[in-house]
Amino acid sequence: MRWLTIIVFGLTVTCQAGTIYQWRDQNGQWHISDQPPNTPHQVRHYAPSSPSPPLTQPSQTTTQPTSQANVALTLVHPSDGATLRSNPGKVSVKAILAPAASPSDHVQLMMDGKPVQVHPEQTRSASQLTLQWHLGPIDRGTHHFQVHYLESGKVIASSSEHQVYLHRAHVNQPHRTHD
């Protein structure tokens, strides 16, 4: 068992180093090396696999130039992958639009790929505009949120898409709003 552990560890280190070769000699012994054998043998050639994609999350802000200025949208809440618990099915979505001088009527909240027809509350600071939508009732399950900045009907900037999971214990009891 100890030798198996050493071999697996050796293969792991070797795989990270580059190409490895495996062959059986005339005595029936298996050999694994990063160098090809000196004598002709049937060789199994293992090329290194392509590198894995990075585990970091993509940036939450996408900016593209507009005719007026650069616009940046960031979806702040709910965070990507969040599990929300709301028995009445109410969800708040918060986004930041920068610069603050950008008109907020060009901002569109998307839920599950469809525009939301609710107007956001606005809080303006010197450098940014905070937009907050209060949605509900929303069915339980998985939902995708994204914010678009539109100009002449075209998407100029978008936030990253956030996938959230809404849990509702009392779906068939709408009168239980105090939960």
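Leaving aside neighbours within four places in sequence, His 148 is in contact (heavy atoms within 4.5 Å) with Leu 73, His 106, Val 107, Gln 108, Met 110, Val 155, Ala 157 and Ser 158. This is a predicted model, in which local features need pLDDT of at least 70, side-chain atom pairs count only at pLDDT 80 or more, and totals for chains, interfaces and linings use all residues. Residues are numbered from 1 along each chain as its sequence is written, and side-chain values use heavy atoms, with hydrogens and water left out.

**His 148**
- His 148 lies in strand S12, residues 141-151, where strands are DSSP runs (E, at least two residues) numbered from the N terminus.
- His 148 has a relative accessible area of 13% and is therefore buried, a term that means under 20% relative accessible area with a 1.4 Å probe, protein chains only.
- The side chains of His 148 and Ser 158 are joined by a polar contact of 2.8 Å, that is, a pair of N or O atoms within 3.5 Å, of which one must be able to donate a hydrogen and the other to accept it.

**Whole chain**
- The chain has 1 helix (H or I, at least four residues) and 14 strands, and buried residues make up 31% of its 179 residues.

Note on methods:
Buried means under 20% relative accessible area, exposed over 50%, partly exposed in between (1.4 Å probe, protein chains only).
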